[in-house]
Amino acid sequence: MGKELSSCDFYLHSHPKKTLFEHLSNVGNKSILTSDAKNLSLEKFGIDQNTFSEIAFLIGICHDFGKGTKYFQRYILETDPAIQRSLKNRKEYHHGLISAIFTYYILRKYISSINGNKNLELIPTIGYLTVKRHHGNLKDAEDEIRELRDEDTLQVIDLQIKSLETNELKLIYERLLHSYSIPFDIDIFCNEYRSIAKEILKNRNTFVALLQKEQFTGYYLMTLTLYSILINSDKIDASSIDVSSKTNIPPDLVDRYKVKRGFQSNESVINRMRNEIYNEVTENIEKLDLDNKIYSISVPTGSGKTLTSLSFALKLKARLKEEKRINSKIIYSLPFLSIIDQNYDAFEDVFKTVYMVNPTEDILLKHHHLADIFYKTQDEEEFEGLKSLFLIEGWNSEIIVTTFAQFFHTIISNKNRSIRKFHTIANSIVILDEVQSIPHKYWLLLRQIISGFAEYFNTYFIFVTATQPLIFDPEKKEIIELVKNKDKYFGELDRIKLEIDLNPMNLDEFKEIVESEARNEPKKDLLVVLNTIKSSLYIFNYLNNLKLENTDYYYLSTNIIPKERLKKIKEIKAKSNERKIIVSTQLIEAGVDIDVDIVYRDFATIDSINQVAGRCNRNFSTDERGSVKRGKVKIIVLKDKTKELSRYIYSSFLIDNTKDALKESSSEIFEKDLVFLNNNYFRKVKDFSSEDESKELLSCVNELKFEALTSDFRLIDDKAEYEKIDVFVELDDKAVETWKNYILLKSIKNPLERKERYLTIRKDFNEYLISVPKKDFSCEELEDLNIGYIPFEQTKHYYDPETGFVFELKPTLMGD
């Protein structure tokens with residue numbers, strides 16, 4: 001088992017150039033190798049590591065049993081694409097359901113052969129579910145079983161059974177099952193398949209009732225892990241693309257980097273703090289109890305948490321390999337695209353500085369929709385297009401830098417494409433940076449799933465933030481803080497003063513206040529962060545029209561194409577003799593490491609206020625005498641004629657709790673006070689928030705209602721009540737060329753060829769794409785492509801180089 005199987009002359013095919021025997025053998029072997037490489041703790045399931053691997057193997061060798069029909073063989077060997085497409089639409093040419101019934105049958109026999117372990121009684125049904133949808137997206141478990149009540153469906157199976165090439169299938173499974181004591185006779189299966197289907201259907205109520213009664217997240221994790229292993233193994237064999245990194249990244253990599261970069265200097269207050277935090281976190285790795293798998297690094301903004309968390313993860317990775325024989329990937333996940341590239345570049349610089357060469361993608365990988373579609377290994381093997389995308393989406397790397405959207409919509413999903421990498425999270429070290437961005441309504445749901453990964457799949461989690469939410473309660477030892485002196489570090493800082501004014505004002509009143517600030521402080525960089533695009537445009541245009549001397553103006557929002565946004569952020573971060581005035585929406589908050597003297601922030605939640613405060617006097621600016629200057633962060637409340645603008649963006653529950661927390665503080669808050677303020681806020685959120693939404697979703701998880709779960713889970717909650725449209729902005733010559741190539745895609749008839757060609761332009765295409773309210777878009781809309789288009793010659797009317805998409809601004813409607 002798991003070794004190369006002997007072969008003979010087989011004629012049944014799984015793919016045009018591959019025999020069914022070879023494919024089933026390869027998928028089974030890849031499944032067992034993947035399972036064996038994991039160190040799992042499945043005692044609560046009554047399953048040991050070997051049994052789990054054998055289950056994965058059996059699912060792998062059964063998943064395409066239905067390809068052994070004369071129907072499928074006619075389809076797979078057909079050379080005329082038109083005929084093949086017509087055959088594909090006929091139910092008797094499908095193979096998922098008959099293969100699922102066969103998988104159930106084999107797994108039931110297997111469990112009987114190992115003394116009928118009662119803890120495994122759900123496994124045959126789980127096997128049925130994973131195989132039935134291995135070419136599609138998972139549906140609710142009960143619905144998938146209920147399909148067996150349909151007589152028309154069973155009559156299709158009747159036709160398929162009669163067309164099975166039983167002689168060769170018998171030979172195939174004699175060879176594949178030669179190491180198992182499973183009494184298998186294909187003729188018996190063909191005679192009994194209807195009774196097997198009735199058994200699956202009959203057990204449906206018991207299966208569903210057990211799920212509802214136990215409310216055990218482990219069944220969800222088990223099902224998705226087996227499903228992930230199957231579809232990954234299947235796709236690897238079908239594509240003949242398999243890359244495995246065998247690189248050992250030294251645990252002291254970041255230590256060596258800091259020495260080479262001279263980051264060990266303690267000349268400034270902030271550098272001394274960064275080094276103290278780094279040493280405290282990384283030097284205690286050997287003392288950690290590895291039974292604790294959920295950690296936090298709670299430190300002030302600008303205190304070096306990115307490098308600290310990477311170094312800790314590398315040292316933990318080395319210890320897990322030595323002591324537990326766990327080979328861990330490091331998955332570094334962040335909420336916003338604006339900081340993905342920034343942190344990836346920081347990691348890349350570590351490798352580049354130490355090794356004098358850029359890391360290849362099998363060592364360090366970036367995964368988000370704007371990233372390059374290119375993959376190269378240390379062995380100089382290069383992949384592009386669909387092959388590269390396949391490796392990137394499978395997280396084939398030692399360190400993966402990705403978005404919250406990618407990570408959380410992998411662990412909470414029914415999508416085949418997303419779940420393919422689900423099994424890679426087992427045994428991984430997951431760093432969740434800026435974790436306060438997770439909506440509070442999902443805390444309970446994510447707490448249960450993260451706890452399950454930690455307990456059963458030996459996944460380690462590190463929550464990194466300056467404002468630690470109470471997803472896990474440190475007072476109950478549910479999460480271990482790695483920075484024992486965190487209160488000391490917050491207490492030592494005196495970089496900013498928060499001034500809170502809770503009296504609502506309109507935009508005209510505010511523009512006079514911020515103009516006065518800009519005129520009175522001509523040498524100080526000023527950042528204004530507002531909640532809505534239209535209010536930010538209104539204030540930017542007003543300030544920009546002042547044309548103050550020695551001042552550069554910058555505007556940032558999703559109203560601007562991504563290419564120009566990144567360019568502006570780099571310009572803002574660059575040193576300049578000119579004073580900078582920046583107006584932005586909240587996209588600038590999380591991790592964009594700019595540094596200004598004065599911040600105005602329209603009212604927001606405490607975590608957002610804390611984040612924007614981290615852009616003020618970030619690096620301990622000093623005056624002419626060398627004394628540390630204190631930056632100013634001013635919180636104001638803007639309103640339109642209807643309501644406060646913050647309530648267009650944030651839930652009233654969070655806004656009200658923020659106001660309550662602030663009212664319990666003074667009108668002036670210093671940096672040392674932020675720990676209490678943050679803790680007070682998150683405690684209120686935890687104590688008074690409704691867990692109803694999380695509980696409903698958790699029921700979907702525990703009852704394997706995959707489709708219902710995915711339709712209701714939205715990590716990014718867009719409160720807009722209007723429909724949006726993606727718009728391509730033909731801003732420059734490169735955009736003109738990119739759009740031309742995009743339109744040419746329509747003429748490519750072959751879907752795979754069309755997708756391959758699209759991948760060559762995807763990164764460039766997305767760099768010119770914005771999303772705007774459909775009601776505000778009056779330029780060209782291509783309904784057949786479901787996309788808006790601003791031609792180059794029309795950009796002067798619809799897109800401003802400084803502020804992006806052109807709205808008709810009406811001050812009374814700034815909340816839109």
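Trainee: Helix 25 (residues 606-613) and helix 28 (residues 674-688) pack with their axes 10 Å apart at an angle of about 155°. What makes helix 25 roughly antiparallel to helix 28?

Mentor: Angles run from 0 to 180 degrees between N-to-C directions, and the axes are lines fitted to C-alpha atoms, for helices over the stretch in contact. Angles under 35 degrees count as roughly parallel, over 145 as roughly antiparallel, 65 to 115 as roughly perpendicular and the rest as oblique. The angle here is about 155°, so helix 25 is roughly antiparallel to helix 28. Helices (H or I, at least four residues) and strands (E, at least two) are DSSP runs numbered from the N terminus. Before we go on, note that this is a predicted model, where local features need pLDDT of at least 70 and side-chain atom pairs count only at pLDDT 80 or more, while totals for chains, interfaces and linings use all residues. Residues are numbered from 1 along each chain as its sequence is written, and side-chain values use heavy atoms, with hydrogens and water left out.

Trainee: Which residues of helix 25 and helix 28 meet?

Mentor: With contact meaning heavy atoms within 4.5 Å, Ile-606, Asp-607 and Asn-610 in helix 25 meet Leu-674, Leu-677, Asn-678, Tyr-681 and Phe-682 in helix 28. By class, five residues of this contact are nonpolar, two polar and one charged. Ala, Val, Leu, Ile, Met, Phe, Trp, Tyr, Cys and Pro count as nonpolar, Asp, Glu, Lys and Arg as charged, and the others, Gly among them, as polar.

Trainee: Is Phe-351 buried or exposed, and how do you know?

Mentor: Buried means under 20% relative accessible area, exposed over 50%, and partly exposed in between, with a 1.4 Å probe and protein chains only. Phe-351 has 5% relative accessibility, so it counts as buried. Phe-351 lies in helix 16 and, not counting residues up to four places away in sequence, touches Ile-249, Leu-253, Met-356, Val-357, Pro-359, Ile-363, Leu-364 and Ile-399. The C-alpha atoms of Phe-351 and Ile-249 are separated by 9.8 Å, although the two are 102 residues apart along the chain.

Trainee: What makes the phi of Ser-240 worth a note?

Mentor: Most residues other than glycine have a negative phi. Ser-240 is not a glycine, yet has a positive phi of about 60°. Ser-240 also lies in the loop between helix 12 and helix 13, and its relative accessible area of 62% is over the limit, so Ser-240 is exposed. Leu-704 has a positive phi too, near 55°, in the loop between helix 29 (692-702) and helix 30 (706-712). Leu-704 has 0% relative accessibility, so it counts as buried.

Trainee: How do you know that helix 17 is mostly covered?

Mentor: Seven of its nine residues are buried: Gly-385, Ser-388, Leu-389, Phe-390, Leu-391, Ile-392 and Glu-393. These buried residues pack against several elements, including helix 12 (217-239), strand 5 (364-367) and helix 32 (751-766). Just after helix 17, Trp-395 takes a positive phi of about 55°.

Trainee: Which pocket lining does helix 17 (residues 385-393) have the largest share of?

Mentor: Helix 17 gives five residues to the lining of the second largest pocket. The lining has 47 residues, of which Tyr-75, Lys-88, His-95, His-135 and Lys-235 lie nearest the centre of the pocket. By class, 17 lining residues are nonpolar, 14 polar and 16 charged. A pocket is an open set of points on a 1 Å grid over the protein atoms alone, where a 1.4 Å probe fits, with protein on both sides within 12 Å along at least five of seven lines; lining residues have an atom within 4 Å of a point.
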